[in-house]
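Please find my comments below as numbered points.

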Amino acid sequence: MATQVADGVHPLVQRTEERRQSASAALDSKQRSKLGQFFTPAPVADFIASLVRLPAGGTIRMLDPGAGAGSLTASVVARCIQERPDLALSLVACEVDPGMHGALRTTLEDCVKAGDDAGVRVEFELVGGDFIEWATTENTLLGAPMEKFDVVIMNPPYRKLARSSRERQSVDAAATETSNLYSAFLALGVTLLVPGGHLAAITPRSFANGAYFRNFRKFFLGNMHLDRIHVFESRRTVFADTDVLQENVIFTAARKISEARPPVTVSTSAGYTDPLRERVVAYEEIVHPGDAEFFIHISAEDSDTELASALAALPASLPENSLQVSTGRVVDFRSKEALRQDPENGAVPLIYPLHMREGRITWPVQGAKKCNAMMLDDSTQKMTFPPGYYVVVKRLSSKEEKRRVVASVYDPACSPDTRIGFENHVNVFHESGEGLTAELAHGLCLWLNSTLLDQLVRRFNGHTQINVTDLRNLRYPNREQLLALGQEWGNAPLPEQEMIDKIVEKHVRNPAIGAQ
């Protein structure tokens with residue numbers, strides 16, 4: 001067996017890491033953005049490789065669909081050389097960037113040599129082109145199928161896919177509808193696995209919930225069983241040398257051979273060199289039976305389970321409170337002719353996130369970059385709401401925000417007896433398209449700004465975007481409790497956070513709240 005370097009890193013992995021660092025430094029930001037690719041550091045690659053379920057014997061056929069410099073492949077090969085020299089390896093590595101082909105080929109040839117030195121047979125194929133095109137051409141998935149794989153290991157590229165894009169249409173035809181390049185890679189990876197085959201990946205956490213990935217989750221969970229999930233506590237941990245702040249998750253899953261639902265190991269660590277904290281949870285805790293949204297609940301700590309239980313115990317859903325939430329109906333760039341910088345005759349308020357200040361809507365905001373008003377006519381009437389109280393939530397929270405959910409009350413005193421337009425970057429709580437009572441609006445706003453709700457969203461939502469689907473799937477205090485919260489707040493300024501939480505504890509009367 002090949003010897004290791006003193007710090008425990010296999011020489012094959014060490015040489016590949018040097019190539020990765022050189023390639024990453026040479027890739028300019030525009031090219032990185034275009035490709036959406038961020039190369040996997042050696043410690044992360046080794047950790048992912050350690051989670052791969054190796055077959056009992058014979059030849060492993062393995063696919064790395066966005067190989068970069070070959071870090072993940074090299075780590076799996078190094079593990080097999082060290083732990084399973086009885087196995088043979090047949091590798092397929094895909095890479096779209098011609099500038100990476102030299103480094104990747106060198107890594108693959110290095111894998112063959114390291115295998116030869118250890119008496120392990122390694123062979124490879126380098127696919128120098130677009131993985132989606134390669135995987136969905138007429139002589140593969142949509143025609144005579146290619147030989148499938150025992151293992152798929154990936155760090156896929158991250159980039160949104162336009163609905164009309166070739167990639168999106170190809171994946172839709174071959175597997176499922178998806179909106180991002182990384183979920184497209186995952187979907188095709190699933191289709192290329194043999195029954196019982198194993199997938200190991202590092203991706204953004206955003207696929208776990210939200211409307212955009214619903215169809216993908218349905219497809220993925222219908223074909224795969226999750227068996228391991230790992231989260232890093234810091235967003236800066238994984239790709240520190242590329243300034244990526246995306247919240248990432250490492251997970252493994254097996255292609256279904258039965259409907260058994262074995263437990264899932266969930267782990268967390270501060271960084272990739274820190275000790276792991278692990279827990280084993282029932283599969284139903286990760287994927288709730290009967291959930292029409294197919295959310296994946298990533299609960300990394302015991303406290304997460306307690307928190308989820310506390311929220312599940314809340315008495316009401318939005319429909320049970322006779323409430324609805326909608327995305328703001330005004331898409332400003334589509335309504336440019338109707339927009340007005342400042343209020344004028346015939347115009348109605350147009351509410352953007354910039355109008356949300358300390359639990360209230362401040363309108364108009366003089367000198368704002370965005371418009372304050374919109375002309376009301378036959379074409380814009382349907383985009384507006386009637387006069388009344390509404391609760392407004394930002395769809396995107398910035399890193400400076402203290403809370404993930406930021407809510408404010410729209411008071412009709414801003415512009416009495418006029419309709420209101422809410423721009424597409426806010427979500428609006430209403431009652432069958434009408435306004436709320438003052439007490440109900442204030443109580444709901446107080447609840448949405450509570451620490452308990454913030455903890456839930458931060459733990460279980462892997463993105464800073466708060467969609468209506470997320471808000472609809474939450475549990476809420478009942479209407480009576482919301483009214484009590486609103487009466488306690490009254491018309492005073494939004495209380496300090498400590499006072500908000502005391503009011504919530506007092507009126508919602510959930511024993512778990514006081515312990516948070």
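1. In this predicted model, R84 is in contact with L54, P55, A56, G57 and R79, leaving aside its neighbours within four places in sequence. One of these residues, A56, also has its backbone oxygen 2.7 Å from a polar atom of the R84 side chain.

2. R84 sits in the loop between α4 (71-83) and β2 (88-94). Is R84 buried or exposed? Its relative accessible area is 19%, and the cut-off for buried is under 20%, so R84 counts as buried.

3. The largest nonpolar core has 50 residues, and the members that touch the most others are F131, W134, F220, L226 and F251. Helix α8 (residues 181-191) gives the most to this core, with 8 residues. In soluble globular proteins, nonpolar side chains tend to be buried together.

4. What does F131 touch, if residues up to four places away in sequence are not counted? The list is L63, P65, C94, F185, L188 and L192.

5. Helix α1 covers residues 11-26, which is 16 residues. At 1.5 Å a residue it should span 22 Å, and the C-alpha atoms at its ends are 23 Å apart, so the two values agree.

6. The buried residues of α1 are P11, L12, V13, T16, E17, R19, R20, A23 and S24. An α-helix has 3.6 residues a turn, so residues three or four places apart point the same way.

Definitions and conventions. Residues are numbered from 1 along each chain as its sequence is written. This is a predicted model: local features need pLDDT of at least 70, side-chain atom pairs count only at pLDDT 80 or more; totals for chains, interfaces and linings use all residues. Side-chain values use heavy atoms; hydrogens and water are left out. A nonpolar core is a set of buried Ala, Val, Leu, Ile, Met, Phe, Trp, Tyr and Cys residues joined through side-chain atoms within 4.5 Å. Buried means under 20% relative accessible area, exposed over 50%, partly exposed in between (1.4 Å probe, protein chains only). Helices (H or I, at least four residues) and strands (E, at least two) are DSSP runs, numbered from the N terminus. Contact means heavy atoms within 4.5 Å. A polar contact is a pair of N or O atoms within 3.5 Å; within protein, one must be able to donate a hydrogen and the other to accept it, and residues adjacent in sequence count only if both atoms are side-chain atoms. The expected span of a helix is 1.5 Å times one less than its number of residues.
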